[in-house]
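Colleague: Thanks for sitting down with me. Could you take me through the labels in your annotation and show what stands behind each of them?

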Amino acid sequence: MFDLSLDELREYRPEVAAPPDFVDFWCRSIEKARTHDLSATFTAVDNKLAVIDTYDVTFAGFGGAPIKGWLHVPAGAIGPLPTVVQYFGYSGGRGFPHTSTLWAQAGYALFQMDNRGQGYDSGGPDATPDNSAYAGLNHSPGFMTAGITDPETYYYRRVFVDAVRALDAVRTSPLVDPDKIMVTGGSQGGGIAIAAAGLAGLTGIELLGCAPDVPFLCHFQRAVQITDEDPYAEITQYLRGFRDHVDTVYRTLSYFDGVNLGRLATAPALFSVALMDPNCPPSTVFAAYNAYGTEANAGVAKNINIYSHNEHEGGQAYQQDAQLDWFADAFGRVGQIRPTASAEATTAPSQNSTVRR
């Protein structure tokens, strides 16, 4: 354990200043994307599975670029169904249609958004390219510093707007209940889920929940200070060369920090954190968790599951088990789901945490 103590983490609320035009920047970015026709299509494919039906999805993301996805539903479902929107971790993508269908197995519709320019750890058909003119600007290997000298050109502007457009797209399917949507994801996917939850309120979309698992893209400056693990190390590598870009880089990152975006969220949340995680240090996760929903007038119910002896793998099946129960409670029970196993818990009226060992 290399970070703060658990008691310190619970109280960790650093100042991560949002730029003065933070909300305006995101409203303008989403409004610009919505000038492009959504052009969402859902085409049935053979996923080679007996109990899941899958649709190949394409929709217009940032800049009107075509973004791929899968929509999985229980075989024969006619909808509308409660829906989980899932975002993928760094280097991941939608992959093959048979590889990740848990939430559809639980009885929900599952929409999975491809990561533009990524997917090299997943393979599969029809990966989504990042064809932006800004993708080729000087940056360290990877995606963390692509276009980082200006928030207008930064890689994650495109990805976060894609994430909101994914919510627009999935709501057009007759298989989806537009009033029962949650977002989730692990690592980078968790960071994107936080961004989607924060930006949803700016776009007129009401989510039922947000479940970020060991989220990345939170409290950038702290992460760079205390870990030399990738992907945060890409920022260090970039600034090692461009020594005069430090202030510019951290200004850009402030627009994309999960601490700032999460403050805007109004949906209940179930986070997870691993106390030995060198990739997404626990203080960065707690910074986002403690800030999450704090701008909501009535406060936001939230919980964090704490895995005391795990690294970036986090809770894995344990966290999925907790999510199955949490999703079912939020959506209304779907099928037969067993009760949550007993665990040490600390509970407050609107903010809970469970330590899992």
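This is a predicted model: local features need pLDDT of at least 70, side-chain atom pairs count only at pLDDT 80 or more; totals for chains, interfaces and linings use all residues.

Colleague: What makes the bond between D230 and P231 a cis peptide bond?

Modeller: Its omega is about 0°. There is also a cis peptide bond between G79 and P80, with omega about -5°. P80 has its place in the loop between β3 (66-74) and β4. Such bonds get a flag because most peptide bonds are trans.

Colleague: And why is S39 on your list?

Modeller: S39 has a positive phi, near 50°, and is a residue other than glycine. That deserves a note because most residues other than glycine have a negative phi. You will find S39 in the loop between α2 and β1 (41-45).

Colleague: How do you know that β4 and β6 pair?

Modeller: Pairing requires at least two bridges, and six bridges join β4 (residues 81-87) to β6 (residues 176-186), so the two strands count as paired. They run parallel. One of the bridges has L81 with its partner V176 in β6.

Colleague: Which strand pairs with β6 over five bridges?

Modeller: That is β7 (residues 209-213), again in the parallel sense. Here G185 has P212 in β7 as its bridge partner. Between β6 and β7 the chain passes through helix α5 (residues 188-200), giving a right-handed β-α-β crossover.

Colleague: Why is that crossover called right-handed?

Modeller: Look with the strands pointing away from you: the path from β6 over α5 to β7 is right-handed because it runs clockwise in that view.

Colleague: What makes Y90 and F216 an edge-to-face aromatic pair?

Modeller: Two values decide this, since a pair of aromatic rings is described by the distance of the centres and the angle of the planes. The centres of Y90 and F216 are 6.1 Å apart, and the limit is 6.5 Å, so the rings pair. Their planes are 80° apart, over the 60 degrees required, and therefore the pair is edge-to-face. Y90 is in the loop between β4 and α3 (102-105), while F216 is in the loop between β7 and α6 (220-226), 126 residues apart. By this rule the count comes to 24 aromatic pairs.

Colleague: How do α4 and α5 pack?

Modeller: Their axes are 9 Å apart, at an angle of about 65°, and the crossing is right-handed. Among the residues that meet are Y156, V159 and F160 in α4, and Q188, G191 and I192 in α5. By class, this contact has eleven nonpolar, two polar and no charged residues.

Colleague: What about α2 and α4?

Modeller: The axes of α2 (residues 22-33) and α4 (residues 155-170) come within 10 Å and cross at roughly 65°; this crossing, too, is right-handed. F25, W26 and R28 are among the α2 residues in the contact, with Y156, R157 and F160 among those of α4. The contact has eight nonpolar, one polar and three charged residues. R28 and R157 are placed in the charged class because Arg belongs there.

Methods: Residues are numbered from 1 along each chain as its sequence is written. Side-chain values use heavy atoms; hydrogens and water are left out. Helices (H or I, at least four residues) and strands (E, at least two) are DSSP runs, numbered from the N terminus. Axes are lines fitted to C-alpha atoms, for helices over the stretch in contact, and angles run from 0 to 180 degrees between N-to-C directions. A crossing is left-handed if the near helix is turned anticlockwise from the far one by less than a right angle, and right-handed if clockwise. Contact means heavy atoms within 4.5 Å. Rings of Phe, Tyr and Trp (its six-membered ring) pair if their centres lie within 6.5 Å; planes under 30 degrees apart count as stacked, over 60 as edge-to-face and the rest as tilted.
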